[in-house]
Number of protein chains: 2
Amino acid sequence: MRISFIGAGRVAHHLVHALKQHHQIIQIYSQGFVHAQKLATEVKAEAVHTFAELSAEIDVLIIAVSDSAISDVIQHVHTYLPNTLIVHTSGSTDIEKLTKVHARAGVFYPLQTFSLEREIDWYSTPLFIEATHLTDLNTLLQLANELSQRVYQYNSAQRLSLHLAAVFACNFSNYCYDMAKQIVDAKQVDFSLLYPLIIETAQKALQAEPRNMQTGPAMRGDQNIIAMHAQMLKQDQRPDLEAVYHLLSEQILKRHQS
Amino acid sequence: MRISFIGAGRVAHHLVHALKQHHQIIQIYSQGFVHAQKLATEVKAEAVHTFAELSAEIDVLIIAVSDSAISDVIQHVHTYLPNTLIVHTSGSTDIEKLTKVHARAGVFYPLQTFSLEREIDWYSTPLFIEATHLTDLNTLLQLANELSQRVYQYNSAQRLSLHLAAVFACNFSNYCYDMAKQIVDAKQVDFSLLYPLIIETAQKALQAEPRNMQTGPAMRGDQNIIAMHAQMLKQDQRPDLEAVYHLLSEQILKRHQS
């Protein structure tokens, strides 16, 4: 297939390189032209400066931009490619955002966290697809099945609940690591001491219900330790960490005493 | 060495089995006698009903009970074993809690999360030891080095900051998984779809600073998605999850826009 991209960020980067294995990447547009240029060079595609330069001689256009930019992008791109299959890659954006402007629309959402520094294991990454036209759904199915063994046809409401859960499981747990690092950094203690704990905690969640794997002072209802930890954060003048400590401890306590 | 235990919970269970490889477990006391009995049977030790039955013919007594019970335990045990090396296994309990009652005191703190369902990789688990007497420190060093390649002599203040960080990195991240599971469960969506994301997020934290690995709507400052997610949680009548979503999103936003 012939595939073009809007966006040259982390998701676009990983998708472009993955799809390149079996398909031809034709053009890449990005608001920051240098980013489009860099990514295009890597996969022998063309970087374009404007939507007007986008070729209609493609099978699918993939919009991989931040959710807030999708509406703007589809309105402009639609005028140049009114009959092309156009998909977005967002978990929380309803397919309607595309269809109210553009009829041949779809979604191609990989449930993963993307960083430029790390390779993606596409084979195990769940992919959620959706399309307005059956033939387009089959096109997306083919692309998805080449990448992953876990492909699902989800509607926008189901996808949205997954994305919301992903914010808790990924974005918020990463912020917990970030807060932990700030705590040890302040005492010149090496963050890598926490690595085995971080990995074990994640692996436990894959083996049994996280609720049953909960440990720590709040789960045990140990008010003395909770008060001591809160006091430490107050002394260190970290009201942000103190607020998180109080809220999460309180909720864990409640959840394990009911 | 000859080692006895107070406590038969998760930490005691794993420590007893690990130390059993090279040493003799003599006696085990637990408030719930059946727990002591079960663990004692597994390692051919004796379960005892009272502190008065504890034999002084041992090299070390390990107190592996909840932090809140340590003070009580040391006061009672001291009267029967006034000259024995007695250590606790707590991250947040100062060695002073022992020394103000009992002179030959120590700490043997494994930085890990313990569940009965999972084996502990002791070799990579950091162990933090402390003792009032040099010869006792050497005893603990020997025990620790047999178990782990990562043994550290930390004082109680350093250990406390590590334990506080561990609450964020482990207990709170597990609660984030727990919240994620509640969200997908409510929509009959399979929690296992989030497994690759959970593991990738944890592995990223071991490769680079969690701050630089942060992703998600709050990091991108995407107020529309944040408002939509909050609205979903409100509609689903989950004020607990809504409160967490608001607080953590706000802090992530602030951290990544400064």
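Colleague: How many of the 258 residues of chain A count as buried, as a percentage?

Modeller: In this predicted model, 59% of the 258 residues of chain A count as buried (under 20% relative accessible area; exposed is over 50% and partly exposed in between, with a 1.4 Å probe and protein chains only). Local features need pLDDT of at least 70, side-chain atom pairs count only at pLDDT 80 or more, and totals for chains, interfaces and linings use all residues. Residues are numbered from 1 along each chain as its sequence is written, chains are lettered from A and ligands numbered from 1 in the order in which they are written, and side-chain values use heavy atoms, with hydrogens and water left out.

Colleague: How many helices and strands are there in chain A?

Modeller: Chain A has 11 helices and 8 strands, taken as DSSP runs numbered from the N terminus (helices H or I, at least four residues; strands E, at least two). The C-alpha trace of chain A spans about 65 × 40 × 30 Å along its principal axes.

Colleague: What span should helix α6 of chain A have, and how far apart are its end C-alpha atoms?

Modeller: Helix α6 of chain A (residues 156-186) has 31 residues and should span 45 Å at 1.5 Å a residue, and its end C-alpha atoms are 43 Å apart, which agrees. The expected span is 1.5 Å times one less than the number of residues. α6(A) bends by about 30° at V167(A), the bend being the angle between axes fitted to the seven residues ending there and the seven starting there.

Colleague: Is α6(A) mostly covered or mostly open?

Modeller: α6(A) is mostly covered, with 27 of its 31 residues buried. Just after α6(A), Q188(A) takes a positive phi of about 55°.

Colleague: Changing topic, what rotation superposes chain A on chain B?

Modeller: A rotation of 180° with 0.0 Å of shift along its axis does so, at RMSD 0.0 Å. That is the relation of a two-fold axis. In chain A, the C-alpha of S173(A) is nearest the axis, 2.2 Å from it. The superposition is by least squares on the C-alpha atoms of residues with pLDDT of at least 70 in both copies.
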